[in-house]
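Welcome! Let's walk through this structure together, one question at a time.

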Amino acid sequence: MSVVTRHRREERGITLSHLESGPSDAPVIIGLHGFLDTASSFIPLMEALSEHWRWVVPDQRGHGHSGNIGAGGYYHFPDYALDLDGLYSHLGIDEAILVGHSMGGGIACYFGGGWPERVRAMVLLDGIGPPYDTPITAGPGHLKTWVQDVRKRDAHTRRPLESLERAAASIGKLSTRASQERLLELAEAATYEEGGERFWRFDPLHRSAGPIAFATDRFMPFLEAVDCPVHLVWAEETGMHAPDEDARIKALGEVTQEVLPNTGHNIHHDDPEAVIIALERYLSDLAR
């Protein structure tokens with residue numbers, strides 16, 4: 001079993017954390033976690049698949065052990081591409097395989113479309129971007145919602161969790177098939193203790209609606225610019241199938257797919273072993 005180590009770097013005034021495992025001279029896989037998740041959720045994958053691959057999994061800004069944006073700032077989706085570009089430079093690599101779950105899959109698609117020469121392949125775990133589209137006419141109302149949400153978060157006092165078990169139960173609402181042991185591991189990684197009380201690590205500002213809503217007409221050009229093999233790993237029970245999914249897949253080009261039985265959206269929470277098997281099979285084919 002490969003040792004997983006934690007590292008930190010500075011990115012334009014924010015301390016960003018990432019996990020690493022595997023040989024330093026092996027081909028690189030960058031794991032990209034989903035919304036309000038942490039890099040630690042990828043540890044079972046890293047431990048199992050590091051013999052021939054170097055895994056690097058960042059905590060996205062405002063998540064896990066990475067720093068928050070700071071006073072007066074906000075989280076914009078392009079920031080994740082900026083951080084990923086900085087991670088490439090920090091590692092001194094020209095290309096990597098991107099494995100993204102949910103929001104992390106969206107990050108992979110934007111980066112893969114913006115810098116196709118830097119992405120060898122992509123594995124998207126349950127999703128090709130959000131499963132909806134927001135009409136342009138919704139802009140004024142969406143902007144008002146964002147302002148209201150930010151004001152609400154500004155007035156919010158961070159409240160402690162009742163216990164680690166309570167945090168595990170909260171994660172379990174969306175990871176219904178995960179074992180209790182797995183949920184406790186995830187909860188331990190997603191929280192911290194301070195003054196005898198436990199809090200979520202993620203910045204509460206993430207719970208506000210973004211100022212610019214997702215729209216497929218802005219997303220599709222990135223999918224069309226992707227120039228690498230893409231493997232889609234779907235949960236059996238998921239709400240991530242978009243109405244225009246066929247068009248998104250067609251835009252990506254070279255795509256293979258599979259469905260993991262008895263899993264929900266957080267498939268690497270519910271059944272990490274099944275995800276490991278799927279990744280191992282795909283990576284083996286890719287290496288041929």
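Two strands pair if DSSP finds at least two bridges between them. Helices (H or I, at least four residues) and strands (E, at least two) are DSSP runs, numbered from the N terminus. This is a predicted model, in which local features need pLDDT of at least 70 and side-chain atom pairs count only at pLDDT 80 or more, while totals for chains, interfaces and linings use all residues. Residues are numbered from 1 along each chain as its sequence is written, and side-chain values use heavy atoms, with hydrogens and water left out.

Q: Which residue of β10 stands opposite His231?
A: Strand β9 and strand β10 (residues 255–260) pair in the parallel sense over six bridges. Within this pairing, the residue of β10 opposite His231 is Thr256.

Q: Through which helix does the chain cross from β9 to β10, and what is the hand of the crossover?
A: A crossover is called right-handed if, with the strands pointing away from the viewer, the path from the first strand over the helix to the second runs clockwise. Here the chain passes through helix α8 (residues 245–252), and the β-α-β crossover is right-handed.

Q: Is strand β9 largely enclosed or largely open, and why?
A: Buried means under 20% relative accessible area, exposed over 50%, and partly exposed in between (1.4 Å probe, protein chains only). Val230, Leu232 and Trp234 point one way and His231, Val233 and Ala235 the other, and all are buried. Since six of the six residues of β9 (residues 230–235) are buried, the strand is largely enclosed by the rest of the structure.

Q: In what order do the strands of the open sheet lie?
A: The edge strands, each pairing on one side only, are β1 (5–11) and β10. Strand β6 (residues 119–125) pairs with β9 in the parallel sense over four bridges, and β3 is joined to β5 by four bridges, also parallel. The pairing of the eight strands is mixed, and their order is β1-β2-β4-β3-β5-β6-β9-β10.

Q: What angle does the direction of α10 make with that of β6?
A: Axes are lines fitted to C-alpha atoms, for helices over the stretch in contact, and angles run from 0 to 180 degrees between N-to-C directions. Contact means heavy atoms within 4.5 Å. Helix α10 packs on the sheet, touching β3, β4, β5, β6, β9 and β10, and its direction makes with that of β6 an angle of about 155 degrees.

Q: Which elements do the buried residues of α3 pack against?
A: Ten of the twelve residues of α3 are buried, so the helix is largely enclosed by the rest of the structure. Among them are Met103, Ile107 and Phe111. The buried residues pack against β3 (28–32), α2 (78–91), β5 (96–101), β6 and α7 (216–225).

Q: Which residue forms a salt bridge with Arg281?
A: A salt bridge is a side-chain nitrogen of Lys or Arg within 4 Å of a carboxyl oxygen of Asp or Glu. The closest N and O atoms are 2.8 Å apart, and the partner is Glu258.
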